[in-house]
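Have the sequence and the model open as you read.

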Amino acid sequence: LANPSIGFIGVGNMGLPMATRLIDAGHDLIVFDLRPQALEPLVAKGAKAASSPAGVASQTEIVLASLPRPDIVRAVALGENGVAAGSRRRIFVDLSTTGPRTARDIAAELEARGVVALDAPVSGGVAGAVNGTLAVMASGPGVAFAEVRPLLEAIGKVFHVGTEPGLGQTMKLVNNLLSATAIAATSEAMVLGVKAGLDPAIMLDVINAGSGRNTASTDKFPRSVLPRTFKHGFSLSLMCKDLSLCLAEAEGLEVPMWVGNAVKQLWLQAQALGGPDQDFTEIVKMVEDWAGVTVGGDPGPESGD
Ligand code: NAD
């Protein structure tokens, strides 16, 4: 079959645009999410809704998942009415960020049940998912990877980083450590500049023309912080999860991470103060509160003095 039907489980901030791109690429999709209303836009485009992960995996050979946390991916893959319980499933592709341990465990348990697992976490945010410009970092057996590669190419630039399960996850954790560090450091830098009297928009122009340029200065701050919209599409609790997974790997491999640990504490504190459901760009608010200034937004009547 040129365009085999495929399963997609978890259609949240990332899953919905990725699944939409697969439909637009000509695939028939069988979809499942705990929130039935999340499936509506896909069903409107011709996707078929199943009533459980096993239901998806009884109608398709290849099942993709984009789910929040490791424990959820584990339950969806291996639990009662999980993917493994389906009758047709052959390949399971986890697009979520779950860490290498979960990826290795799931791969071993699925292999025992006749399913090949690939981990293929993604980077590039909701905008990357909408535009098909994600970085997709896959690992797992080469034959299965070759089979799903054309599907993954519908969502982004695809890298096969290794044949061992979990290496894609390690790659993703390393990437997000840098992304989280950039946001944390840029928050401190911007707050300092604003308190000293610099214009935050001019600061970003200068940083982005200079050596301080990073993904927070080029994307998060101009798009979500300066306009004070804070709807970048990634929850603060998921970033805390990624940092916890990353630091656990560092400890397991006995790699010291002074910077990484400081960054993780900053994110955990923001979560403790403002709650898990904040957008991740809202971490700047904590740093602003400490300093008593706001980065961007309506400058208000007192500005300009
Ligand atoms: P999300 O919370 O927006 O979406 C998760 C979806 O999974 C929701 O629709 C939820 O209803 C569904 N779900 C939860 N439990 C389920 C279950 N047991 N069965 C079926 N569906 C279930 O999360 P997201 O931002 O889309 O992130 C998904 C994964 O991708 C996470 O691991 C995240 O770390 C990773 N990720 C997110 C981004 C981003 O910018 N949002 C970028 C890269 C990677």
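## Ground rules

Helices (H or I, at least four residues) and strands (E, at least two) are DSSP runs, numbered from the N terminus. Residues are numbered from 1 along each chain as its sequence is written, and side-chain values use heavy atoms, with hydrogens and water left out. This is a predicted model, in which local features need pLDDT of at least 70 and side-chain atom pairs count only at pLDDT 80 or more, while totals for chains, interfaces and linings use all residues.

On a 1 Å grid over the protein atoms alone, a cavity is a set of points where a 1.4 Å probe fits but cannot get out; a pocket is an open set with protein on both sides within 12 Å along at least five of seven lines, and lining residues have an atom within 4 Å of a point. Grid points are joined across faces, edges and corners, and a volume is the space filled by probe spheres set on the points.

There is one cavity of 30 Å³ or more, and the largest cavity holds about 70 Å³ of space. Its lining includes F92, D94, T98, I106, L118 and P165. The elements giving two or more residues to this lining are β5 (91-94), α5 (100-112) and β6 (116-119), and α5 gives the most, with four residues. By class, the lining of the largest cavity has seven nonpolar, two polar and two charged residues (Ala, Val, Leu, Ile, Met, Phe, Trp, Tyr, Cys and Pro count as nonpolar, Asp, Glu, Lys and Arg as charged, and the others, Gly among them, as polar).

## The largest pocket

The largest pocket has a volume of about 1200 Å³. Of the 49 residues lining it, N13, M14, G233, F234 and L238 are the closest to its centre. Helix α8 (167-196) is among the elements that supply at least two residues of the lining, and α8 gives the most, with six. The lining of the largest pocket divides into 21 nonpolar, 19 polar and nine charged residues.

## The ligand in its place

Where does the ligand sit? It sits in the largest pocket (more than half of its atoms lie within 2 Å of the pocket's grid points). The elements giving two or more residues to the shell around the ligand are α4 (70-78), α6 (125-131) and α11 (236-252), and α11 gives the most, with three residues. In total 25 residues surround the ligand, the closest being M14, D33, R35, G233 and K241 (a residue counts if one of its heavy atoms lies within 4 Å). The shell has 12 nonpolar, eight polar and five charged residues.

Now for the polar contacts (pairs of N or O atoms within 3.5 Å). An N or O atom in the side chain of R35 is 2.7 Å from a ligand oxygen. Backbone atoms take part too: a polar one of T97 is 3.0 Å from an oxygen of the ligand, and an N or O of P68 lies 3.1 Å from a ligand oxygen. The protein covers 87% of the 830 Å² of accessible area that the ligand has on its own (Shrake-Rupley method, 1.4 Å probe).

Definitions and conventions: A polar contact is a pair of N or O atoms within 3.5 Å; within protein, one must be able to donate a hydrogen and the other to accept it, and residues adjacent in sequence count only if both atoms are side-chain atoms.
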